[in-house]
Amino acid sequence: MSEAKVLGEPFLALLQRHIINIMCFDGGPAARSANGGKRAVYNFSAFVVEIGEEWVAISAGHIFNDLKDAVSRGAELSEWHIDDSIVSTKPERPYPISLDIHQDVHYIYNDVPGMDYAYIKISYLVRAALSKQGICAVPESIWGAEDIEQFSMWLLIGTPIKFAHLVEGEAFEKSHATIQIERVHDVPKGLEDTKFQRLYAKVDFSSVMDQESRFDIDGMSGGPIFGLRPSTDTAPYEYRLIGIQSSWNTKDHVAICAAYPYLRAIANSLG
């Protein structure tokens, strides 16, 4: 049995409380044509980090790069939301946020080949609403520690598209996946060796509860990778933030952008 299956829900909840989804609608002609006249609903994996006095939502840069490309081709994006329902015990409706994709999203995508990062500042009111529902930001003690090499058991968390029912006018139904991944040091087949050094890992699909076969992890880009090590304290493991899931080879390996360099750069820019 995979180690991830025996971690227990109380411990996994400590990791999952950092997870959110970012959502928006696309009312452009192509989206409506593909959805029977309804707007398309887009859902992206993300997580919350505390940097100084700010809370920010972290995700993958290629998501917003693709959205900007879609806008240039006629997509009409509106009604942005942050959703905590995948991990909340008493989920509320997604929280509307004011977001201009050109002004409010700070992202890097292939400025140096391999870099794939994005962040959005979370307003005080949204932060209060998320906190009320049990969402916690990853503190600097978790993302800024210098001992991550000791945290060798890795977990990827996110919301696969396969696990989401997203239709305008209907109740949204989503669930997350927590998957054990194993670091590899050679660049896997189907993934590129980029100038910006990324991390790579093999996906252990058997580690997903009640999942006996492989599934499509599209939609998990932007989700966090946490590293674990056994603890002598009350919790069975300590954890650290390792990185952000960037891409995969559509088979069984993922590429990861390390979290610390980007979060430290954000901290410096925020002063």
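Student: Let's start with Asn-21. Which strand does Asn-21 lie in?

Tutor: Keep in mind that this is a predicted model. Asn-21 sits in a strand that covers residues 19-26. That strand is β1.

Student: Is Asn-21 buried or exposed?

Tutor: Look at the relative accessibility of Asn-21, which comes out at 0%. Buried means under 20%. So Asn-21 counts as buried.

Student: Which side chains make a polar contact with the side chain of Asn-21?

Tutor: One partner gives a polar contact at 3.2 Å, and that is the side chain of Asn-43. Another polar contact, at 3.1 Å, also starts from the side chain of Asn-21. The partner there is the side chain of Thr-159.

Student: On to the rings! How many aromatic pairs does the structure hold?

Tutor: Two rings pair if their centres lie within 6.5 Å. The number of aromatic pairs in the structure is nine.

Student: Why does the pair of Phe-64 and Trp-80 count as stacked?

Tutor: The ring centres of Phe-64 and Trp-80 are 6.4 Å apart. Planes under 30 degrees apart count as stacked. The planes of Phe-64 and Trp-80 make an angle of 25°, so this pair is stacked.

Student: How many residues apart in sequence are the parts that Phe-64 and Trp-80 tie together?

Tutor: Phe-64 belongs to helix α3 (residues 61-72), and Trp-80 belongs to strand β4 (residues 77-83). Phe-64 is buried at 1% relative accessibility, and Trp-80 is buried with a relative accessible area of 5%. The pair therefore ties together parts whose separation in sequence is 16 residues.

Student: What about Tyr-117 and Tyr-262: why are they stacked?

Tutor: Their ring centres lie 4.4 Å apart. Since planes under 30 degrees apart count as stacked, the angle settles the matter. For Tyr-117 and Tyr-262 the planes are at 15°, so the pair is stacked.

Student: Which parts does the pair of Tyr-117 and Tyr-262 tie together?

Tutor: Tyr-117 is buried at 1%, and Tyr-262 is buried at 6%. The parts they tie together are 145 residues apart in sequence. They are strand β7 (residues 116-121) for Tyr-117 and helix α6 (residues 259-270) for Tyr-262.

Technical notes: Residues numbered from 1 in each chain as written. Predicted model: local features only at pLDDT ≥ 70, side-chain atom pairs only at ≥ 80, totals over all residues. Heavy atoms only, no water. Phe/Tyr/Trp six-rings, centres within 6.5 Å; stacked < 30°, edge-to-face > 60°. Helix = DSSP H or I, 4+ residues; strand = E, 2+ residues; numbered from the N terminus. Buried < 20%, exposed > 50% of the residue type's maximum accessible area, 1.4 Å probe, protein only. Polar contact = N/O pair within 3.5 Å; in protein donor to acceptor, adjacent residues only side chain to side chain.
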